[in-house]
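Hi everyone, thanks for coming. I'd like to walk you through one structure today, and we'll go helix by helix.

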Amino acid sequence: MTEKRMSRWYFGGLASCGAACCTHPLDLIKVHLQTQQEVKMRMVGMAMHVVRNDGVLALYNGLSASLCRQMSYSLTRFAIYETVRDMLGSGNQGPMPFYQKVLLGAFGGFTGGFIGTPADMVNVRMQNDMKLPPELRRNYKHALDGLFRVWREEGTRKLFSGATMASSRGALVTVGQLACYDQAKQLVLSTGILGDNIFTHFLSSFIAVSNSLSPLQGGCATFLCQPLDVMKTRLMNSKGEYRGVVHCLTETAKLGPLAFYKGLVPAGIRLIPHTVLTFVFLEQLKKYFGIIVIS
């Protein structure tokens, strides 16, 4: 008999929260760059501007909303992916084929992206608030206050502004992360050279994120996701200036094709540590607190 541990449904959300605490400043800078009408600052200049005007702790503005987003978006996509994968793999048929992992990842990511849209919106607004003049700031106290005020002042429908972009991006990102990590870990373990340890988890997550960063490898490239991310951010941060997705698309296009790639550098830099830390934290949670299965 062999003993192994399976992930609990909420571990993905907890692991993502841990990673978000480490990479939040990069996410904040990305949002600031994406909400510029014209390119006035680059990544380093924007970071220095935030620190100079509001202090180092300002890099963590909106952290409560970021954690709320991870506990809705990431928790949902991990729960769907891992629960279904473990159910299908509990028999004797062996691991799922890669194409099934891709389809499952896309479904989980799309669903998670939709469910996480309200928290994502508050996260974007709280991060961008400090950049606005005092009279235009929304001044949400925390994530729950932001969610309640959007619902009360702008209506339920506004909570899901940008949901199409968030869901589409979520599907692509989840395929690039979860499905690729799962397959990479399976291949690394099948060599027999490495065991199921933290180095294997680090190596597998790095392979997955490398695949995600390369359009030539067919993964969920940051390059391909960035236009969706920019439009999502603009729709969520808007105060009624966009009538819908198409209007946002045309208005952004007027700024030139590079407008769709604002924040690309911090988004790419953030993706690597965020993905690696998420899976390292997830595997450690599974190792010490997971469900014991004897086969």
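Predicted model: local features only at pLDDT ≥ 70, side-chain atom pairs only at ≥ 80, totals over all residues.

Let's take the stretch 100-187 for a moment. The chain there is 78% helix and 0% strand, and the C-alpha atoms at its ends are 16 Å apart.

What do we need in order to describe how it packs? Two packed helices are described by the angle between their axes and the distance between the axes.

Start with α3, residues 63-88, against α4, residues 98-115. The angle is about 150° and the axes are 7 Å apart, which means α3 is roughly antiparallel to α4. Their crossing is right-handed. On the α3 side, the contact includes S72, Y73, T76 and I80, and on the α4 side you'll find, among them, L104, F107 and the glycines G108, G109, G112 and G113. Sorted by type, the contact residues of this pair come out as seven nonpolar, eight polar and three charged.

Next partner: α5. Here the angle is about 160°, with the axes 8 Å apart, so α3 is roughly antiparallel to α5. This crossing is left-handed. From α3 we have S64, A65, S66, C68, R69 and S72, and they meet A119, D120, V122, N123 and M126 of α5. That contact splits into five nonpolar, four polar and two charged residues.

Which kind of side-chain contact do R69 and D120 make? They meet in a salt bridge, 3.3 Å from N to O. R69 sits in α3 and D120 in α5, residues 117-128, so the pair ties together parts that are 51 residues apart in sequence. Across the whole structure, a search finds 13 salt bridges.

Last one: α8, residues 163-190. Its axis and that of α3 come within 12 Å and cross at roughly 50°, so these two helices are oblique to each other. α3 passes α8 in a right-handed crossing. R69 turns up here too, along with Y73, R77, F78, Y81 and R85. Across from them in α8 are residues including R169, V173, Q177 and D182. This contact divides into six nonpolar, three polar and five charged residues.

Conventions. Residues numbered from 1 in each chain as written. Heavy atoms only, no water. Axes fitted to C-alpha atoms, helices over the stretch in contact; angles between N-to-C directions. Helix = DSSP H or I, 4+ residues; strand = E, 2+ residues; numbered from the N terminus. Parallel < 35°, antiparallel > 145°, perpendicular 65-115°, else oblique. Left-handed = near helix turned anticlockwise from the far one by under 90°. Contact = heavy atoms within 4.5 Å. Nonpolar A, V, L, I, M, F, W, Y, C, P; charged D, E, K, R; others polar. Salt bridge = Lys/Arg side-chain N within 4 Å of Asp/Glu carboxyl O.
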